[in-house]
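Q: I have a structure open here and would like to go through it with you, a few residues at a time. Could you keep the answers plain?

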Amino acid sequence: MIFQLAWRNVLRNARRSLITIAAIAIGLAALLFLWGFNDGVHNSMMRNLQQAIIGSVQIHADGYFRHPKLSRDLPDVQRVEDLLIKLGVQQYTRRIRTFALAAGDDNSEGLVLLGVDPVREVRVTNLHTKVSRGRFVSPGDGNTCVLGATTARNLGLTLGDDLVLLAADRFGALAADRFTLVGIVESGEMGIDRGLVVVPLASLDAMLGMQGRMTDIIVQSPPDKLEALTAALKQGLNGQGDAHAYEILRWYDMYPMMKQWVDLENAFYYIFLGVVLLIVAAGVMNTVLMSTLERMHEFGIMLALGCGGWRLAALVGLESVLLGLAGSALGLVVGLSLVGIFHHLGIDLSSQMDSITRFYINPVIHPEIDTDHLLITLASVLLAALLASLVPAWRAARLQPVEAIHHV
Amino acid sequence: MALIEAVDIRKRYRSGEVEAQALNGVSLSVQAGAFTALAGPSGSGKTTLLNIIGTLDRPESGTLTVAGRDVLSLSAAERAAFRLSHIGFVFQAYNLIRVLTARENVAYVQQLQGVSAAERNAVADRLLAEVGLDGMGDRRPDQLSGGQQQRIAVARALATSPDIVLADEPTANLDSHTGESLMQLMQQLNETRGTTFLISSHDPLVLAHARQVVHLRDGLVQEDASA
């Protein structure tokens with residue numbers, strides 16, 4: 001009956017309750033939409049970063065990431081790949097990575113030299129989709145290469161030109177070979193457009209005398225499975241006697257700045273969330289306090305009949321929670337609908353930023369909301385409604401029956 | 001032993017600089033099963049005494065035993081529990097909870113006791129029938145007349161089978177016919193159920209029905225007369 005009583009009390013002044021419910025709903029819907037926009041930007045940034053080139057997880061020989069030498073190749077590539085298959089991972093590829101000096105007709109430049117398996121690479125990263133001129137390296141290619149647009153311009157190269165790459169081979173001796181430029185990548189990312197040359201894995205293997213050895217295995221993983229996959233890889237590769245033969249690095253272990261930036265932005269959003277919650281709480285408290293003051297006489301009667309003060313406080317709290325629940329339900333529907341509609345339509349910011357991706361941000365934002373942000377926001381709104389009832393509930397709990405009965 | 005034993009009860013009210021002595025050493029004894037009226041003009045202390053006996057208020061001094069309990073030594077929570085088990089209230093202005101139906105109003109006190117919904121609704125329906133409101137359980141207070149609302153208040157007061165029902169000016173808002181009908185009902189319930197009634201009123205109608213009349217004046221018992 002306490003639930004019935006609370007609900008009917010909420011409906012007692014329907015207009016006031018509706019205004020409060022609407023205020024909660026608008027606050028929650030706005031928060032959800034903003035989270036959706038925020039998460040849409042962040043998630044696409046993180047996806048773009050991982051899909052562009054680095055993957056979600058990289059597996060190297062221990063110490064390779066900080067000191068990338070070809071002599072630190074993966075101890076057992078087959079073992080790593082068998083484990084990945086066993087773990088149900090389908091998107092992974094092998095690479096050889098080193099540094100090279102690239103010499104064009106007019107100029108030379110230091111680059112990251114990446115040997116990729118043309119068949120597997122396109123299943124794991126989307127670098128091939130960023131080729132603006134020419135094509136990506138293909139199976140059966142000989143000495144072909146793909147350059148970033150800025151590097152190609154700096155070196156004065158166009159499609160079909162030859163590029164000489166010089167790099168230390170596996171034994172530290174200088175190796176050099178000539179590669180034909182077949183594609184130019186324009187991704188909008190400085191680290192790709194400038195400073196990267198991609199060649200077929202087999203060609204680089206031959207040039208550097210790797211004899212099938214690899215330096216990197218790149219894995220793509222859905223965000224929600226990343227931590228479990230990393231833990232399983234660490235356990236599977238480093239957990240049995242050969243401790244720390246491999247390093248298993250998540251994307252943010254290698255490039256922490258983006259995650260830190262996302263965390264910082266999220267922190268700002270939490271501050272904003274707090275401000276909105278304060279407004280919501282003030283609205284709910286106003287309604288519940290007004291409603292409490294109006295019913296002092298009735299509360300006095302209930303106390304006289306034997307209702308304890310804390311039971312009365314619980315009733316006031318429940319009324320507040322009901323307002324919060326109704327507002328949250330409405331806000332949830334409106335907020336998620338907005339996120340869904342704009343996820344489908346996209347929010348085109350190309351006039352503000354450019355028509356291509358910059359800093360891994362897509363020019364068209366597709367809002368999406370992370371489950372944890374959804375739940376935290378929802379729980380916070382409900383908690384704010386509950387906290388807002390504390391003062392009125394406390395007052396109700398401390399009422400003296402006689403004074404309350406005579407309250408007009 | 002008397003159901004209510006009040007000895008030398010004193011109570012002052014202070015309003016700003018003004019202090020008023022509401023009860024000036026009242027002693028009162030009410031036996032179980034009594035049908036007693038507290039009579040006296042406005043300001044004589046009837047309601048104050050009723051509130052103190054009902055554990056809604058506390059005196060400055062004196063001793064008070066209700067149903068064998070020293071109620072002045074109880075904490076606020078204990079007093080609430082005591083009221084719930086031992087005392088029923090009927091107020092001048094009916095004071096039903098207006099968002100609840102007649103049945104729910106009567107059942108409310110049993111809900112506070114943790115009685116199951118089925119049981120308390122059955123008790124409420126039976127009591128409503130007993131006070132002449134059979135079939136009106138689903139009506140809200142604003143759909144009922146003053147007399148009907150006061151009957152619901154009586155049914156509510158009896159729902160927990162209390163030792164005593166305290167009624168404060170129960171006929172004050174009723175016309176004489178309805179008031180007479182209500183008094184007959186309370187008298188009948190007193191006789192059939194054995195519930196003690198202590199009724200504060202200056203309505204001659206109430207005094208005519210009472211078997212014991214305690215006259216208060218200026219916070220003192222002037223006369224304690226039994227019919």
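Q: To start, where is the place of B:D218 in chain B?

A: This is a predicted model, so everything here is read from predicted coordinates. In it, B:D218 sits in the loop that runs between strand 9 (212-217) and strand 10 (220-226) of chain B.

Q: And is B:D218 buried or exposed?

A: B:D218 counts as exposed, because its relative accessibility is 58% and the cut-off for exposed is over 50%.

Q: What does B:D218 touch, not counting residues up to four places away in sequence?

A: With those neighbours set aside, B:D218 touches B:N24 and B:S44. The C-alpha atom of B:D218 is also separated by 7.1 Å from that of B:A22, although the two residues are 196 residues apart along the chain.

Q: Staying in chain B, what can you say about phi of B:D8?

A: Phi of B:D8 is near 50°, which is a positive value in a residue other than glycine. B:D8 belongs to strand 1 (residues 4-15) of chain B, and with a relative accessible area of 32% this residue is partly exposed.

Q: What about phi of B:T55?

A: For B:T55, phi is near 60°, again a positive value in a residue other than glycine. B:T55 is placed in the loop between helix 1 and strand 4 (61-66) of chain B, and at a relative accessible area of 2% B:T55 is buried.

Q: Salt bridges next. How many does the structure hold over all chains?

A: Over all chains, the structure holds 25 salt bridges.

Q: Which side chain does B:K46 meet in a salt bridge?

A: The partner of B:K46 is B:E169, with an N to O distance of 3.8 Å. This pair links distant parts of the chain, since B:K46 is in helix 1 (residues 46-53) of chain B and B:E169 is in the loop between strand 7 (164-168) and helix 6 (176-193), 123 residues apart.

Q: Are those two buried or exposed?

A: B:K46 is buried, and B:E169 is buried as well.

Q: Over to chain A. Which residue forms a salt bridge with A:E298?

A: A:E298 pairs with A:R12, and their closest N and O atoms are 2.5 Å apart. A:E298 lies in helix 11 (residues 296-305) of chain A and A:R12 in helix 1 (residues 2-12), so the pair ties together parts that are 286 residues apart in sequence.

Q: How accessible are A:E298 and A:R12?

A: A:E298 counts as buried, at 10% relative accessibility, whereas A:R12 is partly exposed, with a relative accessible area of 22%.

Q: And which residue forms a salt bridge with A:E368?

A: A:E368 forms a salt bridge with A:R47, where the closest N and O atoms are 3.0 Å apart. Here too the pair links distant parts of the chain, with A:E368 in the loop between strand 12 (364-365) and helix 14 (371-388) of chain A, and A:R47 in helix 2 (residues 14-54), 321 residues apart. A:R47 counts as partly exposed, at 34% relative accessibility.

Q: Which residues are linked in a network of salt bridges?

A: A network of salt bridges links A:E81, A:R94, A:D117 and A:R120.

Q: I also marked a histidine, A:H42. Where is its place in chain A?

A: A:H42 is in helix 2 of chain A, and A:H42 is buried, with a relative accessible area of 1%. Leaving aside neighbours within four places in sequence, A:H42 is in contact with A:V262, A:E265 and A:N266.

Q: Stepping back, what does the secondary structure of chain A come to?

A: Chain A has 16 helices and twelve strands.

Q: What radius of gyration does chain A have, and what would a compact globule have?

A: Chain A has a radius of gyration of 31 Å, but a compact globule of 408 residues would have one near 22 Å. The C-alpha trace of chain A spans about 100 × 55 × 25 Å along its principal axes.

Q: And how much of chain A is made up of buried residues?

A: Of the 408 residues in chain A, 52% are buried. Among the contacts in chain A with a separation of 6 or more, residues 24 or more positions apart account for 79%.

Technical notes
Residues are numbered from 1 along each chain as its sequence is written. Chains are lettered from A and ligands numbered from 1 in the order in which they are written. This is a predicted model: local features need pLDDT of at least 70, side-chain atom pairs count only at pLDDT 80 or more; totals for chains, interfaces and linings use all residues. Side-chain values use heavy atoms; hydrogens and water are left out. Helices (H or I, at least four residues) and strands (E, at least two) are DSSP runs, numbered from the N terminus. The radius of gyration is taken over C-alpha atoms; the globule rule is 2.2 Å times the number of residues to the power 0.38. Buried means under 20% relative accessible area, exposed over 50%, partly exposed in between (1.4 Å probe, protein chains only). Contact means heavy atoms within 4.5 Å. A salt bridge is a side-chain nitrogen of Lys or Arg within 4 Å of a carboxyl oxygen of Asp or Glu.
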